[in-house]
Amino acid sequence: MTPQPVLNRILLALIGLMLLGGGLLIIATGCDLHRRLGLTPPAGWPLTAPDDVLLSSADRTRWSSQGWWWPAVIAALVLIALLALWWLLAQLRRQRPSRVTVGTDHAQPGVELRHSALTDAIAAQAGSLPGFERAKVRLTGRPARLHAGITATLTPETTPETALKALDDGPLNDARQSTGHDDLIAETRLRIAHHKPHRVH
């Protein structure tokens, strides 16, 4: 199954290409590039001259006198709005497992660990590492395919390479071994703590 972020990028790319193509068509017609470049648009091609319109008055009012026209238009607009709202809410709500199965066979019921217990353990261990001031952890994904999002605040003297290696060798490695999730994926965001300058007397 295609991951949700990849599917979102594909849909956004397709919508962007459609909008870009429509905009370029309108600009080309407004600048009369067809005539200037000596190009002959295909039969039925919209907007071939600067005075052309995308929808003529006859096209816009063709079915407006029919009894089904306006209810159909309103229903279509409501459906589009609901789909857009559903898509927006789906982006804001990332899937988060409430419990994590412990062991190598995640398909079989067994010992389960609360989501907050695992994230608190990883965050506490990461925050105690040298060069770390604090860390926050959030688990997403399916129970059999976990994804850890880590936001860590480092001291100004700590390098990102050192911090990432310490995270992978320490808290993440311990989490993989203790839960049996050897495929635990981690995405880490590093921040540098900004200390206020000391006043010299």
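Biologist: Helices here are DSSP runs of H or I with at least four residues, and strands are E runs of at least two, both numbered from the N terminus. How many helices and strands are there in the protein chain?

Modeller: The protein chain has 6 helices and 5 strands. This is a predicted model, where local features need pLDDT of at least 70 and side-chain atom pairs count only at pLDDT 80 or more, while totals for chains, interfaces and linings use all residues. Residues are numbered from 1 along each chain as its sequence is written, and side-chain values use heavy atoms, with hydrogens and water left out.

Biologist: Which pattern does the chain follow along the sequence?

Modeller: The order is α-α-α-α-β-β-α-β-β-α-β.

Biologist: Now H6. How many residues does it have, and how far does it reach?

Modeller: H6 covers residues 160-179, which is 20 residues. From first C-alpha to last it reaches 27 Å, close to the expected 28 Å, where the expected span is 1.5 Å times one less than the number of residues.

Biologist: Where is the kink in H6 centred?

Modeller: On Leu-172, with a kink of about 35°. The bend at a residue is the angle between axes fitted to the seven residues ending there and the seven starting there.

Biologist: Is Leu-172 buried or exposed?

Modeller: Leu-172 is one of the buried residues of H6, meaning under 20% relative accessible area, with exposed over 50% and partly exposed in between (1.4 Å probe, protein chains only).

Biologist: What comes just after H6?

Modeller: Gly-180, which takes a positive phi of about 85°.

Biologist: Changing topic, how many aromatic pairs are there?

Modeller: The count is 2 aromatic pairs. Rings of Phe, Tyr and Trp (its six-membered ring) pair if their centres lie within 6.5 Å; planes under 30 degrees apart are stacked, over 60 edge-to-face and the rest tilted. Trp-68 and Trp-69 have ring centres 5.9 Å apart and planes at 80°, so that pair is edge-to-face. The rings of Trp-69 and Trp-70 have centres 6.4 Å apart and planes at 65°, so this pair is edge-to-face.

Biologist: Which residues form the aromatic cluster?

Modeller: Trp-68, Trp-69 and Trp-70 form one cluster. Trp-68 is partly exposed at 46% relative accessible area, and Trp-69 is partly exposed at 21%.

Biologist: And what share of the whole chain is buried?

Modeller: Of its 201 residues, 21% count as buried.
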